[in-house]
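Open the model in your viewer and keep the selection tool at hand. The stops below go from the whole chain to single residues.

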Amino acid sequence: MKRLMMLTMLLLLTPVTGFAETVVEGAWVRLPPPVADTAAAYMTIRNHGDKDIEITGIKTAAATNPEFHAMEMHDGMMHMMKMEHVIVPAHGGISFNPGGNHLMLIGLTGELKTGQHIMMTLETSEGESIMVHAEIKDMRGNTSHDKHDMKMDDNMQGHDMHGMHH
Ligand SMILES: [Cu+2]
């Protein structure tokens, strides 16, 4: 009996790294302007496994229609394209950063407040669910570089970006 308990404790103490092959780091949501019904979210997804991982969907109570968006240049203009799926390469990662690819939370279901967190679930083609905790951050009043990004995000609300100057 004692031996069984020891074994159980050992199992409980064993890190579950075997399951955590996909790890999400630094997830955050940019506080949108008060009238906006979309918000951009950023994160890095790492795949420590031996197989590519395909993310096929996002679910969150915070928005009715969350999407992955890619930024692509066409004829000298930046456009946002919905990514139907996201491939996280084996032993690699993919980053969503301000000014680049991002998650777009379309159809916000409530007001986002600085410092609060939202939960998102990334779904993989293997049926795995990856939970993401994302802090809501107000980037206004940061460095001039961030102000530039903020302006870009404002433009993105219309989903049609023109004239990105660098
Ligand atoms: Cu977008």
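Colour the chain by secondary structure and read along the sequence: the pattern is α-β-β-β-β-β-β-β-β-β-β-α. That comes to two helices and 10 strands. Helices (H or I, at least four residues) and strands (E, at least two) are DSSP runs, numbered from the N terminus.

This is a predicted model, in which local features need pLDDT of at least 70 and side-chain atom pairs count only at pLDDT 80 or more, while totals for chains, interfaces and linings use all residues. Residues are numbered from 1 along each chain as its sequence is written.

Stay with the whole protein for two totals. Of its 166 residues, 20% count as buried. A residue is buried if 20 or more other C-beta atoms lie within 10 Å of its own, exposed if 12 or fewer, and partly exposed in between, with C-beta atoms placed from the backbone. Among contacts between residues at least 6 apart in sequence, 69% join residues at least 24 apart. Two residues are in contact if their C-beta atoms, placed from the backbone, lie within 7 Å.

Next, select V35. It sits in the loop between strand 1 (22–30) and strand 2 (38–47). V35 counts as exposed because it has 6 C-beta neighbours inside 10 Å.

Move on to strand 4 (residues 63–74) and pick E67 within it. Is E67 exposed, partly exposed or buried? It has 18 C-beta neighbours inside 10 Å, so E67 counts as partly exposed. Which residues does E67 contact, leaving aside its neighbours within four places in sequence? They are K82, M104 and I106. Select M81 as well: it is 14 residues from E67 along the chain, and the two C-alpha atoms are separated by 9.7 Å.

Follow the chain to D75, in the loop between strand 4 and strand 5 (77–83). Check its backbone angles: phi of D75 is near 50 degrees, a positive value in a residue other than glycine. D75 counts as exposed because 5 C-beta neighbours lie inside 10 Å.

The last stop is H91, in the loop between strand 6 (86–88) and strand 7 (92–96). Phi of H91 is near 55 degrees, again a positive value in a residue that is not glycine. With 12 C-beta neighbours inside 10 Å, H91 counts as exposed.
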